[in-house]
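Q: I would like to learn how to read a structure like this one. Could we go through it feature by feature?

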Amino acid sequence: MQVVAFWALAVAAVGFGAAVFAVNSMARATFALLASFLCAGGELLLLGLAYPGVLTILMMIMEMLVMAVFMIMYMMDPGGLMPMSMVHGRRGALAIAAGVFAALAAGIVLTPWPHRQGAPPRDPAFALGEAVMGPKMPVMMVAGVAILATMIASVVLATGRGRYGGAE
Amino acid sequence: MGEATPVWAVVALPLVLAGLICSAAALDAVFCAGGRPADPLREGVRLLLQQRRRTRGADLLLMRAGVISLPVAAFLAAMVIPLGAAPVLPSSVGVVWFNAMEVVAWASLWLTGWGADSAFPLIGGYRFLAQGLAYELPHMFALITAALAAGSLDLGAVAAAQEGLWFAVWMPVAFAVYLLSALAMAFWGPMGHPLAGDVAGGVPLELAGPDRLLFFAGRLALLAVAAAAAVPLFLGGGAGPWLPAWAWSLVKTYAVLVPLVWVRQRVPVVRMDRFMQVAWTVLIPATLLQMLVVGLVVLD
Amino acid sequence: MSLQAFLLLAAALFAVGLYGALSQQSVVMLMMGLELMINGILVAAGAFWHYVAPGAADGQVLLLVALTVMALEMAAGFAVVTALYRAREVDTTDDAGDLKG
């Protein structure tokens, strides 16, 4: 049952991922990417990672909807009504991607992976919380500062009024 | 994962949800001037028999996905809400799951608005995205506050943590924000700007027949599920004297649902950009303060 | 299901994303490719946690970091595109090659 679910989700995740770059309509591309993320979130659920899996689903839905707004805003042909090519170096990109996949796959198959150490905690989400609030605190702090910096930087970059704002 | 799920709950959930939708629709009709409780039923049958309408250049795949995902998301969200003792799908991260499923409404509305290839539905879809960005953060903070006080993301554990005192009593700000965001996530009443009259009905403008029925049923389902989730989150779950747990859950759900439905005919629609301003300058700081207070109480 | 299967899935997602990031002209599509690559990292991190060291929380922390990176990448990316577009109505990588050496 789990194996079937794994393969179904895996094929769907890669298929939707490939569809992102194959469909004409930007709306469809965005939602193909969202579907790929949802499948990846499902894989995390299969691994017993309830919290990160559901968090991925939650975050990616919101993120892709915001992305859809920008897609439609900036693409020349968001609806795919006049099919046109928006790619460059297609062959090279394909070759590089295929080469990278082959190298990664070879590494994955040939590497003697270590055996499993320890057992999953009863509540992985709780363990994660304890980790980021305890020994892994610096990670959380860096993430917090990075988020704040990105918020400020992106607002400054995106606003048309420059750094000094304007009257309402 | 919690205790085993009783078989009857799996069968009962769709029935309960359907009952909640029907009664909410009937109540809404009664609150309308001159409405009768049977009106929505008649309208539903009419929509079932009505022919579908198609616009030129519509992206049917995306539109159907949008319409269908609305009730489906409401149903999936309902699966983690304990009806009485145990939910259909006991989950250690029920609060996050509920949140994730209710965010699906963003996708549903935008897809429905986009897929119709028509101006007003698209405007409605964009309005809902803006409204979503406004209500989602205070909403999440309200949810986290309840989870923080209980020390668990499991809705059953959150309900169990309110043995002594309901969360609604000692975290009123979080409860009020939750009720507001329940209206917003179901784009209902004052938060119905994506479906407002100035865009001729907005998102579902081009929907007809069964599509339209499914869309509005999905909206009421979202409202009902949001009301049902308030029970374990803030109102002590199924706890109460004399009656069994499931009965108390239902009674409390209606106690939340009826005012939510009632508010629709009494309060004018709020423009989403104004709501955005209030949400970011008032609601977010208020919920953060509430969380700070709750955090201090929990630490003690 | 095994570690190898999960890692192969992650590699496939990564490669598809890499293809997109290299071949797309539009900055927005390019970012979708990047997101897809990070998606692969998510799966790999989850698999490593489950199959190698479930006792430690490191895999989960890596997942959290990857999710954060995704959100930040998107926010920063769109801010840059917006600034670029405001300045010169451009949204493709080929038109923004000022730093080309």
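Q: How many helices and strands does chain A have?
A: This is a predicted model, and in it chain A has six helices and zero strands. Read from the N terminus, the elements of chain A run α-α-α-α-α-α.

Q: What share of the residues in chain A is buried?
A: A residue counts as buried when its relative accessible area is under 20%. In chain A, 37% of the 168 residues are buried. Contacts tell another part of the story. Among contacts in chain A between residues at least 6 apart in sequence, 51% join residues at least 24 apart.

Q: Which residues does A:Gln2 contact, leaving aside its neighbours within four places in sequence?
A: With those neighbours left aside, A:Gln2 is in contact with A:Leu46 and C:Met1. A:Gln2 and A:Leu46 are 44 residues apart along the chain, yet 7.3 Å separates their C-alpha atoms. A:Gln2 itself lies in helix 1 of chain A, residues 2-20. A:Gln2 counts as partly exposed because its relative accessibility is 44%.

Q: Which chains share the most contacts?
A: Two pairs of chains are in contact, and chains A and C share the most contacts. Chain B and chain C are joined by no contact, and their closest C-alpha atoms lie 14 Å apart.

Q: How do I describe two helices that pack together?
A: Two packed helices are described by the angle between their axes and the distance between the axes.

Q: Which residues meet where helix 3 of chain A packs on helix 3 of chain C?
A: From helix 3 of chain A the residues include A:Pro52, A:Leu55, A:Met59 and A:Phe70, and from helix 3 of chain C they include C:Leu63, C:Leu67, C:Met74 and C:Tyr85. By class, this contact has 17 nonpolar, three polar and one charged residues.

Q: How do helix 4 and helix 5 of chain B cross?
A: The axes of helix 4 (residues 94-115) and helix 5 (residues 119-150) of chain B come within 7 Å and cross at roughly 170°. An angle over 145 degrees counts as roughly antiparallel, so helix 4 of chain B is roughly antiparallel to helix 5 of chain B. The residues of this contact divide into 17 nonpolar, five polar and two charged.

Q: Is B:Asn99 buried or exposed?
A: B:Asn99 counts as buried because its relative accessibility is 5%. B:Asn99 is placed in helix 4 of chain B. Not counting residues up to four places away in sequence, B:Asn99 touches A:Leu58, B:Glu136, B:His139, B:Met140 and B:Leu143.

Q: Which residues have the most contacts inside the largest nonpolar core?
A: That core has 159 residues, and those with the most contacts inside it are A:Met67, B:Trp110, B:Tyr178, B:Phe215, B:Leu233 and B:Phe234. Leaving aside neighbours within four places in sequence, B:Trp110 is in contact with residues including A:Phe31, A:Ile72, B:Tyr126 and B:Leu129.

Q: What should I look for in the phi angle?
A: Most residues other than glycine have a negative phi. B:Phe187 has a positive phi, near 35°, and B:Ala200 has one of about 55°. B:Phe187 is found in the loop between helix 8 (172-185) and helix 9 (210-234) of chain B, and B:Ala200 is found in the loop between helix 8 and helix 9 of chain B. B:Phe187 is buried, with a relative accessible area of 0%, whereas B:Ala200 is partly exposed, at 42%.

Q: Which residues of chain C does the UniProt annotation "transmembrane region" cover?
A: The unreviewed UniProt entry gives residues 30-49 and 61-85 of chain C as "transmembrane region". A record of this kind can be set beside the model. Residues 30-49 of chain C are 100% helix and 0% strand, with end C-alpha atoms 29 Å apart. Residues 61-85 of chain C are 100% helix and 0% strand, with end C-alpha atoms 36 Å apart.

Methods. Residues numbered from 1 in each chain as written. Chains lettered and ligands numbered in written order. Predicted model: local features only at pLDDT ≥ 70, side-chain atom pairs only at ≥ 80, totals over all residues. Heavy atoms only, no water. Axes fitted to C-alpha atoms, helices over the stretch in contact; angles between N-to-C directions. Helix = DSSP H or I, 4+ residues; strand = E, 2+ residues; numbered from the N terminus. Parallel < 35°, antiparallel > 145°, perpendicular 65-115°, else oblique. Nonpolar A, V, L, I, M, F, W, Y, C, P; charged D, E, K, R; others polar. Buried < 20%, exposed > 50% of the residue type's maximum accessible area, 1.4 Å probe, protein only. Contact = heavy atoms within 4.5 Å. Core = buried A, V, L, I, M, F, W, Y, C linked by side-chain atoms within 4.5 Å. UniProt positions renumbered as here; feature names shortened; annotations may be inferred.
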